[in-house]
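Look at the sequence and the structure before reading on.

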Amino acid sequence: MSNTRKWILGLLAVIVLALIGWNISSSDNQRSSAAANNQSPTYTSETSKTVVYNPQGALAYRLVSQQVEYYDAQQLTWFTQPVLTTYDETKRATWVLTADKAKLTQDRMLYLYGHVVIQSQLSDSRLQRLTTDAAQVNLVSQDVTSNDSVNLQGIGFESNGMKLRGNLRAKTAELLEKVNTSYEIQK
(Lines give C-alpha, C1' and ligand atoms only; values in the text may rest on other atoms or scores of the structure.)
Protein backbone atom coordinates (compact mmCIF):
# COMPACT_ATOMS: atom_id res chain seq x y z
CA MET A 1 0.00 0.00 0.00
CA SER A 2 1.34 3.38 -0.91
CA ASN A 3 1.90 6.23 1.53
CA THR A 4 -0.77 8.32 -0.19
CA ARG A 5 -3.39 5.63 0.37
CA LYS A 6 -2.38 5.32 4.04
CA TRP A 7 -2.73 9.10 4.53
CA ILE A 8 -6.13 9.16 2.82
CA LEU A 9 -7.41 6.20 4.93
CA GLY A 10 -6.08 7.84 8.10
CA LEU A 11 -7.73 11.15 7.19
CA LEU A 12 -11.03 9.39 6.46
CA ALA A 13 -10.81 7.54 9.82
CA VAL A 14 -10.26 10.85 11.66
CA ILE A 15 -13.24 12.41 9.81
CA VAL A 16 -15.46 9.41 10.69
CA LEU A 17 -14.41 9.59 14.35
CA ALA A 18 -15.07 13.34 14.40
CA LEU A 19 -18.54 12.84 12.89
CA ILE A 20 -19.35 10.11 15.44
CA GLY A 21 -18.24 12.37 18.30
CA TRP A 22 -20.24 15.29 16.93
CA ASN A 23 -23.34 13.05 16.57
CA ILE A 24 -23.03 11.82 20.18
CA SER A 25 -22.60 15.33 21.57
CA SER A 26 -25.55 16.57 19.50
CA SER A 27 -27.87 13.87 20.90
CA ASP A 28 -26.69 14.72 24.46
CA ASN A 29 -27.59 18.38 23.83
CA GLN A 30 -31.04 17.34 22.60
CA ARG A 31 -31.56 15.26 25.76
CA SER A 32 -30.44 18.10 28.02
CA SER A 33 -32.66 20.60 26.19
CA ALA A 34 -35.59 18.16 26.49
CA ALA A 35 -34.87 17.87 30.21
CA ALA A 36 -34.76 21.66 30.48
CA ASN A 37 -38.08 21.88 28.62
CA ASN A 38 -39.62 19.46 31.17
CA GLN A 39 -38.72 22.01 33.86
CA SER A 40 -40.56 24.85 32.16
CA PRO A 41 -44.37 24.96 32.10
CA THR A 42 -46.30 23.71 29.10
CA TYR A 43 -48.50 26.79 29.40
CA THR A 44 -48.94 29.76 31.69
CA SER A 45 -52.08 31.79 32.20
CA GLU A 46 -52.91 34.96 34.10
CA THR A 47 -56.16 35.35 36.07
CA SER A 48 -57.65 31.90 35.67
CA LYS A 49 -61.21 30.85 36.56
CA THR A 50 -62.01 27.13 36.64
CA VAL A 51 -65.51 25.75 37.28
CA VAL A 52 -66.06 22.03 37.97
CA TYR A 53 -69.42 20.25 38.02
CA ASN A 54 -70.30 16.95 39.71
CA PRO A 55 -71.69 13.98 37.70
CA GLN A 56 -75.26 15.17 38.37
CA GLY A 57 -74.46 18.50 36.71
CA ALA A 58 -74.45 20.62 39.87
CA LEU A 59 -71.62 23.04 40.62
CA ALA A 60 -68.99 21.24 42.76
CA TYR A 61 -66.30 23.90 43.10
CA ARG A 62 -64.83 27.01 41.52
CA LEU A 63 -61.11 27.82 41.52
CA VAL A 64 -59.91 31.36 40.79
CA SER A 65 -56.21 32.16 40.62
CA GLN A 66 -53.94 35.07 39.73
CA GLN A 67 -51.60 32.82 37.72
CA VAL A 68 -51.62 29.20 36.55
CA GLU A 69 -48.69 27.10 35.31
CA TYR A 70 -49.38 23.65 33.86
CA TYR A 71 -46.57 21.07 33.56
CA ASP A 72 -47.48 18.31 31.12
CA ALA A 73 -44.47 16.07 31.95
CA GLN A 74 -45.41 15.91 35.65
CA GLN A 75 -49.18 16.16 35.02
CA LEU A 76 -49.62 18.91 37.62
CA THR A 77 -50.78 22.49 37.84
CA TRP A 78 -49.44 25.30 40.06
CA PHE A 79 -51.71 28.16 41.14
CA THR A 80 -50.64 31.53 42.57
CA GLN A 81 -53.03 33.14 45.10
CA PRO A 82 -55.73 30.47 44.61
CA VAL A 83 -59.27 30.91 45.94
CA LEU A 84 -61.28 27.66 45.96
CA THR A 85 -65.02 27.84 46.69
CA THR A 86 -66.88 24.57 47.33
CA TYR A 87 -70.63 24.13 46.89
CA ASP A 88 -73.18 21.73 48.37
CA GLU A 89 -75.96 19.88 46.54
CA THR A 90 -78.30 22.88 47.01
CA LYS A 91 -75.78 25.09 45.13
CA ARG A 92 -74.87 27.09 48.26
CA ALA A 93 -71.24 28.11 48.74
CA THR A 94 -69.99 26.09 51.73
CA TRP A 95 -66.25 26.81 52.09
CA VAL A 96 -63.70 29.25 50.71
CA LEU A 97 -60.08 28.08 50.77
CA THR A 98 -57.22 30.52 50.15
CA ALA A 99 -53.42 30.16 50.13
CA ASP A 100 -50.29 31.72 48.68
CA LYS A 101 -49.66 28.78 46.30
CA ALA A 102 -51.41 25.53 45.43
CA LYS A 103 -50.51 22.43 43.47
CA LEU A 104 -53.20 20.31 41.77
CA THR A 105 -52.23 16.76 40.84
CA GLN A 106 -53.83 14.44 38.32
CA ASP A 107 -55.59 12.47 41.09
CA ARG A 108 -57.52 15.67 42.10
CA MET A 109 -55.48 16.35 45.22
CA LEU A 110 -54.99 20.04 45.95
CA TYR A 111 -51.92 20.89 48.04
CA LEU A 112 -52.15 24.34 49.63
CA TYR A 113 -49.00 26.19 50.76
CA GLY A 114 -48.50 29.39 52.77
CA HIS A 115 -51.13 31.26 54.81
CA VAL A 116 -53.81 28.63 54.25
CA VAL A 117 -57.27 29.79 55.38
CA ILE A 118 -60.41 27.68 55.18
CA GLN A 119 -63.48 29.83 55.91
CA SER A 120 -67.05 28.53 56.28
CA GLN A 121 -69.70 30.30 54.23
CA LEU A 122 -72.58 28.79 56.23
CA SER A 123 -73.86 30.55 59.34
CA ASP A 124 -75.09 27.26 60.87
CA SER A 125 -71.65 25.60 60.76
CA ARG A 126 -70.09 25.13 64.22
CA LEU A 127 -66.64 25.24 62.59
CA GLN A 128 -66.11 28.69 61.08
CA ARG A 129 -62.42 29.11 60.26
CA LEU A 130 -59.28 27.00 59.98
CA THR A 131 -55.75 28.42 59.50
CA THR A 132 -52.45 26.59 58.89
CA ASP A 133 -49.29 26.80 56.79
CA ALA A 134 -49.98 23.77 54.57
CA ALA A 135 -52.94 21.48 53.89
CA GLN A 136 -54.08 18.85 51.43
CA VAL A 137 -57.62 18.63 50.08
CA ASN A 138 -59.11 15.74 48.13
CA LEU A 139 -61.43 17.56 45.72
CA VAL A 140 -63.60 14.47 45.20
CA SER A 141 -64.23 13.40 48.82
CA GLN A 142 -63.45 16.86 50.31
CA ASP A 143 -61.21 15.25 52.94
CA VAL A 144 -58.75 17.78 54.36
CA THR A 145 -55.49 16.97 56.17
CA SER A 146 -52.55 18.91 57.56
CA ASN A 147 -49.40 17.88 59.41
CA ASP A 148 -48.61 21.46 60.46
CA SER A 149 -49.79 23.63 63.34
CA VAL A 150 -53.52 24.31 62.93
CA ASN A 151 -55.84 26.89 64.49
CA LEU A 152 -59.58 26.15 64.49
CA GLN A 153 -62.18 28.79 65.31
CA GLY A 154 -65.83 28.05 65.72
CA ILE A 155 -68.96 29.19 67.49
CA GLY A 156 -67.93 29.40 71.14
CA PHE A 157 -64.51 27.75 70.88
CA GLU A 158 -60.95 28.04 69.59
CA SER A 159 -58.51 25.13 69.29
CA ASN A 160 -54.83 24.85 68.41
CA GLY A 161 -52.99 21.66 67.63
CA MET A 162 -51.07 19.55 65.16
CA LYS A 163 -52.10 17.06 62.47
CA LEU A 164 -55.58 17.90 61.31
CA ARG A 165 -57.94 15.36 59.76
CA GLY A 166 -61.38 16.42 58.60
CA ASN A 167 -63.99 16.61 55.91
CA LEU A 168 -65.39 19.82 54.44
CA ARG A 169 -68.63 18.20 53.28
CA ALA A 170 -69.35 16.77 56.76
CA LYS A 171 -68.14 20.03 58.42
CA THR A 172 -65.82 18.08 60.73
CA ALA A 173 -62.25 18.63 61.87
CA GLU A 174 -60.15 16.66 64.33
CA LEU A 175 -56.83 17.78 65.80
CA LEU A 176 -54.67 14.76 66.58
CA GLU A 177 -51.69 16.04 68.59
CA LYS A 178 -50.88 18.75 71.17
CA VAL A 179 -54.45 20.03 71.30
CA ASN A 180 -55.30 23.12 73.35
CA THR A 181 -58.93 24.31 73.35
CA SER A 182 -60.63 27.37 74.86
CA TYR A 183 -64.40 27.57 75.25
CA GLU A 184 -66.55 30.65 75.60
CA ILE A 185 -69.45 30.07 77.93
CA GLN A 186 -72.63 31.54 76.47
CA LYS A 187 -75.22 33.11 78.84
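## Terms and model

Two strands pair if DSSP finds at least two bridges between them. Strands are DSSP runs of E with at least two residues, numbered from the N terminus.

The model is predicted: local features need pLDDT of at least 70, side-chain atom pairs count only at pLDDT 80 or more, and totals for chains, interfaces and linings use all residues. Residues are numbered from 1 along each chain as its sequence is written, and side-chain values use heavy atoms, with hydrogens and water left out.

## Strand pairs around β2

Strand β2 (residues 59-71) runs antiparallel to strand β3 (residues 76-80), with 5 bridges between them. In this pair, Y70 has T77 as its bridge partner. The hairpin of β2 and β3 has 4 residues between the strands, and Q75 there takes a positive phi near 55 degrees.

β2 is also joined to β1 (residues 43-53) by 10 bridges, again antiparallel. T50 stands opposite L63 of β2. In the hairpin of β1 and β2, with 5 residues between the strands, G57 has a positive phi near 95 degrees. A further antiparallel partner of β2 is β4 (residues 83-87), held by 4 bridges, where R62 is partnered by T85.

## A charge over a ring

The charged end of K103 sits over the ring of Y111, 5.2 Å from the ring centre. The term requires NZ of Lys or CZ of Arg within 6 Å of the ring centre and within 35 degrees of the ring normal.

## Pockets

On a 1 Å grid over the protein atoms alone, a cavity is a set of points where a 1.4 Å probe fits but cannot get out, and a pocket is an open set with protein on both sides within 12 Å along at least five of seven lines; lining residues have an atom within 4 Å of a point. A volume is the space filled by probe spheres set on the points, which are joined across faces, edges and corners.

The largest pocket holds about 420 Å³. Its lining has 22 residues, and A60, Y87, V140, Q142 and R169 lie nearest the centre. β2 gives the largest share of this lining, 3 residues.

The second largest pocket holds about 180 Å³. Of its 13 lining residues, T50, L63, T77, F79 and L104 are the closest to the centre. β1, β2 and β3 each supply at least two residues of this lining.

## Cavity

The structure holds 1 cavity of 30 Å³ or more. The largest cavity has about 50 Å³ of space, and its lining includes W95, I118 and K171.
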